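Keep the structure in view as you read.

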Amino acid sequence: MAQWERLRESVGCRVRRGDRSSYFSIGINHGGYFLGTGTNRSYVNGAVIWYDNVDSLTWSPLMLENIIEEIGYEMSGRIKVYYCIPMLSLSRNGLRVLATEYDTNQVITFQSFGHNFIALYLDHDESLRARDWDDVVDFPVVDMPPVVSPAKPSATEGSGQSDGDNEGFVESDGDPGAPVPLQVVYADTDKLIDEDCIGARTRQRKRKCSDVEEEEGEPEDDKDSDFDPEDIVDSDVDISEDDDDLFEDNVDDEEQGKKQKAGSSSVKGKEKVCKEEYVEEEDLWALDSDEEAMPHRGKTFREVDLVDPKFQVGLIFGSVELLRKANTSYSCLDRKEIKLPVNDSQRLKAVCSSDCCWYMWASYDTSTECFRIKKFNGKHTCSGTFDVHGFSSKFLAKKYVESFRADQDMNMKNFSRVVQKEWNMTPGRSKLQRARRLALKMIYGDEEAQYNMLWDYANEIRRSNPGSSFFLSLDEKGRFKRCYMSLQACKLGFLEGCRPIIFVDGCHIKTRYRGQLLTAVGVDPNNCIYAIAIAAIEVEDTANWTWFLEILKSDLGIINTTPWTIMSDKQKGLINAVRQVFPDEEHRFCVRHMWQNFQQLFRGDVLKNLLWRR
C-alpha cells in the first residue's frame, strides 16, 4: 500500500486525506485472473484503474456496483469482488469478499485507522475458487521457493558414495558441503515439512509403486556411478516390439490401432510402472456417492409429457410437484393404485400393490439441481383396478379445464361419456359435478374473491377515467347489496352525439350468488347500441329500478324530462319507477317483448305478420 501511495503522489494526483479525513482511494484490478495458491498466489494479465476521493459516508455495495458498471462490467451474479487487507497481501491470505454492507463497513474501518488506499480485485470466472492447483510454474510472476525432491539423495561428487553421517542430506548450490535437510513444499501452505513427516502427510494421489521420473533430453542417470541399464523394468501391460508372438496373441486389432496412435507420444528416460497405478488413477476421479454416480446428461420430463408419461432411470424432473403429477397421470392411465410411502421435498418412493414388483425411487440430484429417477422397475405383476385414488375431481378439473372453457354448457351426461371413453373408468355423478365446478372456478376465479376486489376496481376506474361514477351499497351486515357504474367517456359521448332516447332492460346473473343485471343504453348516429350505465342488484322490483333511474338521471344531468324518451318492456316495478323519476317523458314499449307475450296466446304467422306491420 505504501508503494501505491508513493506512486499516486509521484504522478501529482490530488487526494484529500488527513488524520480524520473521510475520503480514501481504491485501486481496482480488473481484466485478469488469479493463479497459484498460498504464498504463490498472484493476479495476472490485469489492469489497474484508480478512483480517488471516495467518501466513506456514501461508501456502500450500491456505490461499488455503480463503479464496476462504469468500468464496463456487469457485477450482479457475474463478477466477485475481493479487497486486500492493508496490512496483508495476496500471498499472505489477505483477500476478503466484498459483497454485503458488512464488508463495506470493514473497508471503512481500515480507512478510519489511516489506510487511505484500498486494493480491489475483480474475479471474472471464479478463478480464485475454481483453480486449486499451482500455476505459478507456467506463469512465474513471483519467486518460487526451493523445492527438493525427496526421492533419492545424490552422492557426493568424487566420493562415489554418500557419507553415513550426512545420510538424508544433499548439497546446497550456494554453499557446497553444507548439508540441507530434505524438505517438501506443498502448494496449499507455506510451511516446510521435514523428511520424518513425509510418510504421514503425502500427496493426495497415493501410489503403490515407485516414483516415475521422466526427462525430455538424454537421461543424466548415465553419469551416475550406480546407474545400471538392467534396472529399467518394463510394465506388465506393455509388450516390447521384439516379442512378436506375444504381441499377436495378446493384442487384438483395435488395441493394435490404438498402440500405433499412441506410439508417437512415447516417453523417454527411466520409468517404473505397476498395475496398481492404473487402478489408482481410475479411482482418483471416482465419485463418492450413488447420487453423483448418475450421468449428468438425461432426458428431461416436460409438462406436455403428462399426457402419456413414460418413466426410465435417469429421467430428470424440474420439481417434485411435476414428478407427483406424472405419477398420478400414470396411475390413472394404467388403472394402477400407485402409493407413495416416501414423499417429501428431497425424496419420493412409489410402489404398486404388495404383490406387484413395480417400483420407482427418485431424489434430489445436486449436480442438476433437479429431481432424478435413480431406480425404476416398470414391470407390473398385478391386474388393473377401476377405483384409483388419484382419479379425483381435482384431477379431472385440471384435465378438462380447456374443454369447459370451449363449451361451458357441457352437461353431466356428455361429460361422463368423454371421461369414460378416454380413461376407461366411470366416475360418479357427484365427482363429475365437483370437477365441473372446480374447472369453472379455474376459468372465472373465486366469486368471493371477485366481490372483495370491488373497492380496488372502483379506485382503478376513477384513476384511469376521471369523472366516472361507481356507487356500492351494502346491507346492515356489511354484505354486498347493489352497485352502479358509468364511465365518464360513455356519458360524454352519449350527451354529445346520441339522440335523447334511453333503453333500459334487465337480465339474470347465473352465478353462485345470483342477482339481476340492469342496463341503460342508447343509439348512436350509426344506429348501433351505445352503452351508458350498468347496475347489479339483488332482485328486480320498484325500489331497485327507482334507485337505478335516479342515479342515472343525476349522472347525466337531466333536469327537464320532457324531451326524453324511455323505452323498455313491462318488467316488474319498471313502469312505476319510470313514472316517478321521469314524470314528463314519453314511455314506449319494445315490440319484440310485446310479441313474446302475444305469441303465448295467439300463435301463427298470420297474426305475427299483422303485429309487425302495425
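**Helices, sheet and cysteines**

Q: At roughly what angle do the axes of helix α11 (residues 412-423) and helix α12 (residues 429-444) cross?
A: Helices are DSSP runs of H or I with at least four residues, strands are runs of E with at least two, and both are numbered from the N terminus. Axes are lines fitted to C-alpha atoms, for helices over the stretch in contact, and angles run from 0 to 180 degrees between N-to-C directions. The axes of α11 and α12 come within 10 Å and cross at roughly 100 degrees.

Q: Which residues of α12 make the contact with α11?
A: Contact means heavy atoms within 4.5 Å. From α11 come Met412, Phe415, Ser416 and Val419. From α12 come Arg429, Leu432, Gln433, Ala435 and Arg436.

Q: What kind of model is this, and how are residues numbered?
A: This is a predicted model: local features need pLDDT of at least 70, side-chain atom pairs count only at pLDDT 80 or more, and totals for chains, interfaces and linings use all residues. Side-chain values use heavy atoms, without hydrogens and water, and residues are numbered along each chain, as its sequence is written, from 1.

Q: Which residue of β7 is the bridge partner of Val81?
A: Strand β5 (residues 80-84) pairs with strand β7 (residues 117-123) in the antiparallel sense. The pair is joined over five bridges. In β7, the partner of Val81 is Leu122.

Q: How many disulfides does the structure hold?
A: A disulfide is a pair of cysteine sulfur atoms within 2.5 Å. The structure's count is zero.

Q: Is Cys498 buried or exposed?
A: Buried means under 20% relative accessible area, exposed over 50%, and partly exposed in between (1.4 Å probe, protein chains only). Cys498 has a relative accessible area of 16%, so Cys498 is buried.

Note on methods:
Two strands pair if DSSP finds at least two bridges between them.
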